[in-house]
Amino acid sequence: MALVVTFTGRTPLTTPGSGSWLRVWSYTIQPTSPAELLPGQRVALALPADADVRDPALFPGVPALTGTFLETDDGVSRQYVGRAVSGTGTQTISFVAPQAQQNRELMLVTQSQPGRPWSVKPFATSTSGPSDNVGTLPAPAPAPGPGPGRPVGDFAGAVPYASELFGVYQPLPGWLGHSSTARAAAALGAALPKGTPGAGTLGEGPLAALAPLAVWGNRPPTDGILSPVGLVNLFREYFFEFDTFLGTPVGHLWLSPGGTVEVVETSTRRTLVERTAEQSETATRKTEEALTDQTDLADAVKESNANETSLGVTSNASANYVGIVHADVSASYSTKNTTNTSSEVSHKHSRTQSSKASSEITRNFKTTFKTVTETTDTSSRRYVVQNTTDKLVNYELRRKMRKVGVQLQHIGTQLSWQVFVADPGRALGLGELVHVVPAPDLTALKQPVKPPPLAQAHVTFSDNYPIQRTEDSKNAPHQDADWYKQDGWDRLWRGEEDEYIVAHFDYSAPPPGPGWKLSTAAGNEIRKVSATTSSGQVAKFLATYEVVDPTSGRFRINCTNVHFGGGTYIAFTLALVWEPPPPEKDPALQQYLAELAVYEHEAAKVQRAAYAQAVHDRLDLIAKVGQRDSEDLRKEERHSVFADLIGQLDLFQGQDEKRHLSAELIRGMFDVDQMLYFVEPDYWRPTPTPGTPEAAWPGPDAVGRYPVPPHDWEATSGDPVGGATVTSRFSHTGAVNPPRATTSTPLDKLEHRVDYLITENTPPAPTGSSLGWLIQADGDERRNEFLNASWVKAVLPVRPGHELDALGWLSSAHVEGDAALDKEYAWQTGDPADWQGKSIGWVLQALAAELQARNTDITRTLAAERVFETGFDPLDGGFRPADPYQIFDQWTEVLPTDQVVAVEVTYDPRTGRQL
């Protein structure tokens, strides 16, 4: 008779801290005679080397493993697990391995003492079976190689470590709400006052103004636009920590016999954008960007939802952000149909988002290993590896990987009210960067000194008035006589008929400068200052003065009475008044103005250069402004949308003191804190670029939303910070040649574009810069879309339990009205049978009643929280169309960690392959 080996089963490993997937495997060996197994002899099962058998020494608290040993031999494909024979009866061999089981070939071996060769013993697998050197028994399945770890079924019951809310919104067509139809009618040049009786079809009765919209048959797409209601299907995304395993090698280390090496592991995580530029004979530019600063999949998905501009968002104190995808209009009102459609949209979005996030995280780690020969003081992790064997030892450095499971569950459906808000960002203020531009240094320029203004010049003029006989005088003039004007003659005489002298003489006074003129104004007449004889005595000298030529200074003295006192002339001094030339003929002023023009031209060049540098600096500074918290930005946007919504309703005809009643009335039926909105891109707005005619390309006068303002160097503005603030990124109109230009293009043929300004230091411009958007300096991409949006679609979920009240209020004449509610509902496959032949209004009432009953049922709420109690439940097939409150989608993601493990490996020296 031969020895009989029997597999007795697997039991859970209860040791604290051990893996829940491990089991204690047990086999019995029954001898037929005492001589087959001698006391003290070693007996073992030879298992395949690929079985993941754990060293019994790692589990000292397991009684079944007492005395068990595990030996491996690199030269053979077997490993030996056994114990020393005690007594003469049945022997039990137990070991620890994962629970995965497979029928495999085993051998039974014995050994007289450690270090001696193993001897193969024939055995049978049953008392009546044949004996052989090899037998097939249940054994541990082959251990998985480097890969995604154990199957997900091994983690049943694992509790999620994080979750994220998600949703899909679908408008319900058919109902023609007043708020949307009135806007459409206004766009078509018609008015649609509130309280208008309902009509079944666009273009009929009171809705005749909307006939241009009814061009797509019996069910135009405008039904989904004009409808005031829709459904929000909410889903929760769960994240489970499954397993860790070793990934592909990231490094290699070898040690010679007796060698020692110190390994320093430096783990680097990039979170900043870094740029370097080097220019020599060849130009090199290197750009390195961090994809995400999250190392966990759940955090990365949350970050993606907060930053994804295509999602509708809301915020409240209990759930930060709920990403809502806008799906197509649902022709069916049935919750089953809409839930199925929403689950497919949710799967596509969240699966793509999760893969992208895990891919980004995968590229987010970098580990460098350095071999050092001396001890250094470093904060990095240091390992000392020593080879105490007589063989060359190789280690592969493998990164530790995480396997994270993701499941999606439908957690509810909410009836919602949708309304449009135009120009939503108009009420939001923008942050202004205060940046004072210092006055440019003009000390290197010599500023000309302005000459004093010219005034009248009061000067004196001295000359002689001679005694001179006239041509008709017969005698020489008497010098010591009294001469006076002869009546009727232009001469002087002294009463003698044959003796006369000249009565007038012309004189020319030198002007003070070019352009000066003798004054002829009243009060500025020429007057005598003094008159003396040739001997110096005061002389009798009476005369009148006449300005002959003011420009040249020529004047005439008409003498009326004179006494020369025995001399030949009278020395006189006169007071003259000169009028200055006009400013345009003042040479000094003209020279000053010419020098001033040169100075101002040079000063303008310096100021322009200084301001250009200031704009350069401002671009760098405004690009460095940190973004505000996304949650705060969303709260402001929601506040703006809700304020506009209250203004649109005007339930109390403009009475401001009663507007709070409107707000409380809405809040009582609708979950305002969960209000979400979808931002429509600005390309729907047919508004041209500022400074251009309607529907035209930008021209030379286009300015964009925020052109570079001229700087007020004189600070003449009444604004205390005028010229010292920057609101947004600057726009600037640039001109380029058209595409087919081959020569210089005339100015009126150039292509003008509203460009954005950058510097060599600014990071990539935000989205919308090339579109001429107004960019908020401390806003995020979603805020910039909100500021430049044509409109937003606001969606207010109805509070659970108030669906019927909200539907009745919405259908009232002063809110949305009942237009088209009497129209027959277009029944869809999957809808309840009793909906056939019913009106849209009746089906909406049935839907509201169904949702009200479901959303107030506590068992439904508990079903949505079941995962937190029962843990992970593997989903067969990975995906199924969602039923209400059921888990419908499942997948796994593999993420790297910053941990690296050294694994000893052996290579075949002949083939170079790893053994």
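Tutor: Helices (H or I, at least four residues) and strands (E, at least two) are DSSP runs, numbered from the N terminus. This is a predicted model, in which local features need pLDDT of at least 70 and side-chain atom pairs count only at pLDDT 80 or more, while totals for chains, interfaces and linings use all residues. Residues are numbered from 1 along each chain as its sequence is written, and side-chain values use heavy atoms, with hydrogens and water left out.

Student: Which residues have the most contacts inside the largest nonpolar core?

Tutor: They are Trp417, Ile666, Phe670, Leu796, Trp809, Leu810 and Leu844, in a core of 42 residues; such a core is a set of buried Ala, Val, Leu, Ile, Met, Phe, Trp, Tyr and Cys residues joined through side-chain atoms within 4.5 Å. Helix α10 (residues 840–855) gives the most to this core, contributing 6 residues.

Student: Changing topic, what does the lining of the second largest cavity consist of?

Tutor: That lining divides into 6 nonpolar residues, 5 polar and 3 charged, where a cavity is a set of points on a 1 Å grid over the protein atoms alone where a 1.4 Å probe fits but cannot get out, and lining residues have an atom within 4 Å of a point. Ala, Val, Leu, Ile, Met, Phe, Trp, Tyr, Cys and Pro count as nonpolar, Asp, Glu, Lys and Arg as charged, and the others as polar.

Student: Which strand gives the most to that lining?

Tutor: Strand β34 (residues 751–756) does, with 3 residues.

Notes
Buried < 20%, exposed > 50% of the residue type's maximum accessible area, 1.4 Å probe, protein only.
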